[in-house]
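These are my notebook entries on one protein model. I record what I looked up, entry by entry.

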Amino acid sequence: MSKYLNKILSLQGVIFSGITLITLFSIRQIGGLQPLELKAYDLMMRSRSDPGVDSRLLIVEITETDIQMIKQWPIPDGILAQVLAKLQQHKPRAIGIDIYRDIAVPPGHSELVQKLQKPNIIGVTFMGNQWVSSISPPPTLPDEQVGFLNIPIDPDGVVRRQLIFAKDKKTILTAFSLQLALLYLKGEGIFPKLNPKGQYQLGTVVFDKLQSNSGGYQNIDAKGYKFLLNYRTPKKIAQTVTLMQVLKGNYKPEWVQDKIVLIGTNSYSVKDSFLTPYHNRNIQFQEMPGVVVHGQMVSHILSAVLDGKPLFRFWSEPGEWLWIIIWGILGSYWGLKIKHPLILIAGNFMGFIILFGVSYELFLQLFWIPVAAPGLAFILTFSVTVIYQDWEFQQQQKIVMKLLGQQTSLEIANALWNERSHLINLGFLPPQTLTATILFTDLKNFSTIAEKHSSEALMNWLNQYLSLMTDIVLNHQGIVSKFTGDGLMAVFGVPVPRTHLKDIAKDAENAVDCALEMGQCLSELNQKWQQQKLPVVGMRIGIYTGTVTVGSLGGKNRLEYGVIGDSVNIASRLESCEKDRHVGECRILTTKETLIYLPKKYNVESWGELTLKGKEKPVEVYQVLGLK
């Protein structure tokens, strides 16, 4: 395993996160995230505090009750003329009539024509297209006293933008709301102009055109001169009276004097209402009357020019990309560093709170930045990182187990896996010296048995035997280090070093218990084999507790978990010593070095001091006979 594996895997994780971000950007570029961004925009708009009414405006509503009392719709020209006469008595700066009057509605048409001669009156028109016919303004009004009522509507049917200039055939027309605002600003000595960049300017305020990708928009229609509408309030934008109240004089003159007066309908039988960011199924307020929407637009312009309230601003496209990438990096980092599930969930929750908090705070300062895109970048890169880490975890586990090439108990496998960093980073497990108990087994007279059976039958017979012996080792928390043909070598106390004597003692006890169970299992096998007319065998076991060195053995193409040291040799020599001194089916030999760790639950028999093969110094040998 290459020492650079970790770097390669980490690079792959970065590549996957990068691909995720590129995919997200592609979806965003084609407008796939725009609905989510607009929902977030509406939520932030609804969450703002209510600044109250705009005292510069008065709205005269023609309600359903007014229509019922007049018993006619559209209302007669004479009624409208009376309303204008009443209002003009108090010298308003501007009166906007949000009612189409391209056709006379008798009686009283001549009276209305006379009232429309006043220079502070603004009438309306509607610019048609290939699907909708145009509606002409009142024929007696000069062009400079006409404004169009067209309102740009977003793809989800909500009004969030304001159009102030548009081209109708070869003529540039001005919006109804801007015409009213200009009449009011004229009284303040403020007149429109174009700055050197060709942008529309009122006083010191420059009205930047909304681009197709401003804020959360992507590929939105940017034709004409549009900007984002900063709604003042969802409820009552200005002092409001009904048509009949005006006719009866039930209003205060100061509500009219020096104000902008808008006259329009607020009736369910007259379809003149719009969805706004405030529409919500959980609140009663669903649609806003058209006259109120135009009032919002007028108030927005006046607030920007006279109150110093800025228009909505946006980051540049590279700035938005950077913002999204930062959140993508944060999501990936969070998924990489945090492992605890509850902390991961809490971190995601906190991440969204921080993202929305920052976005909302900027929104209050009239900066609209993407919310859905960075939020998705955060959660997607987080998810990709977690999924990739899980995949990487499984791949590393396969690599570790392959390199170890061992059958181990679950406990040992987990312990080995917890030490995987050495193997993954270095390509091998570094050697370490520790105290362990070694167990060797071998079958008595196996060579004689092998001569009487075919190699295939012998292999099947051995596999049945070794499989059962291996399971016994694993059940006693040992690790099968290697097979020796008709036997095996097992180790108890690796790979994690034991730091307490009680742990070393437990390993020794596990090894002896394992040997005793092996003997019992062999006895049962012999009975079974005898019935099947298969060979009956005996087994020798040697057990020794001492210092060993463990780690990876081999080269880069073949590694195994090796256990070496003099303790291994002694255990092997114990198994093979005094072969003719074999009573019973299973002989278990150990030494004083193991015996001192064992509890007093075993029957043992001293064989005295024996000199093992290849050893100069004799050792005290004991046979374990069984449990007391």
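Where does UniProt place the feature "transmembrane region"? I found the unreviewed entry giving residues 9-27, 321-336, 343-360 and 366-388. I note that UniProt positions are in the numbering used here, that feature names are shortened, and that annotations may be inferred rather than shown by experiment.

**Entry 1: Basis and confidence**

I am working from a predicted model, in which local features need pLDDT of at least 70 and side-chain atom pairs count only at pLDDT 80 or more, while totals for chains, interfaces and linings use all residues. Residues are numbered from 1 along each chain as its sequence is written, and side-chain values use heavy atoms, with hydrogens and water left out.

I looked up pLDDT, the predictor's confidence in each residue, from 0 to 100. The protein averages 88, and 90% of the residues score at least 70. I then compared the elements; helices (H or I, at least four residues) and strands (E, at least two) are DSSP runs, numbered from the N terminus. Confidence is highest in strand 2 (residues 94-97), with a mean of 98, and lowest in strand 15 (residues 407-408), with a mean of 50. Over residues 1-9 the pLDDT stays under 50. For that stretch I noted 22 contacts beyond four places in sequence, a contact being heavy atoms within 4.5 Å.

**Entry 2: Two of the annotated spans**

Residues 343-360 are 100% helix and 0% strand, and their end C-alpha atoms lie 25 Å apart. Residues 366-388 are 74% helix and 0% strand, with 39 Å between the end C-alpha atoms.

Leucine 366 lies in the loop between helix 10 (341-364) and helix 11 (372-404). I recorded a positive phi of about 65° for leucine 366, although it is not a glycine. Leucine 366 is buried, at 3% relative accessibility; buried means under 20% relative accessible area, exposed over 50%, and partly exposed in between (1.4 Å probe, protein chains only).

I traced an open, antiparallel sheet of three strands in the order 6-5-10; two strands pair if DSSP finds at least two bridges between them. Strand 6 (171-174) and strand 10 (225-228) are at the edges with a single partner strand each, so one side of each has no neighbour in the sheet. From one strand to the next the twist averages 15° (axes are lines fitted to C-alpha atoms, for helices over the stretch in contact, and angles run from 0 to 180 degrees between N-to-C directions). Strand 5 (residues 161-168) pairs with strand 10 over four bridges in the antiparallel sense. I located leucine 163 and found lysine 226, in strand 10, as its bridge partner.

**Entry 3: Salt bridges**

How many salt bridges does the structure hold? I recorded 18, each a side-chain nitrogen of Lys or Arg within 4 Å of a carboxyl oxygen of Asp or Glu. Side chains of opposite charge can pair when their charged atoms come close.

Arginine 161 bridges to aspartate 154, with the closest N and O atoms 2.9 Å apart. Arginine 161 is buried at 3% relative accessibility, and aspartate 154 is buried with a relative accessible area of 3%.

Arginine 498 bridges to aspartate 507 at 2.8 Å between the closest N and O atoms. Here arginine 498 is partly exposed at 27%, whereas aspartate 507 is buried at 4%.

Glutamate 509 and lysine 601 meet in a salt bridge of 2.7 Å, N to O. Glutamate 509 belongs to helix 16 (residues 501-531) and lysine 601 to the loop between helix 18 (592-595) and strand 22 (602-610), so the pair ties together parts that are 92 residues apart in sequence. Glutamate 509 is buried at 15%, and lysine 601 is partly exposed at 29%. I also noted one network, in which salt bridges that share partners join Asp42, Asp154, Asp156, Arg160 and Arg161.

**Entry 4: Backbone details**

I found a cis peptide bond between tryptophan 73 and proline 74, with omega about 0°. Proline 74 is in the loop between helix 3 (64-70) and helix 4 (77-88). A cis peptide bond also joins proline 106 and proline 107, with omega about 5°. Proline 107 is in the loop between strand 2 and helix 5 (109-115).

Glutamate 578 has a positive phi of about 50° although it is not a glycine. I placed glutamate 578 in the loop between helix 17 (566-576) and strand 21 (586-591); this residue is partly exposed, at 40% relative accessible area.
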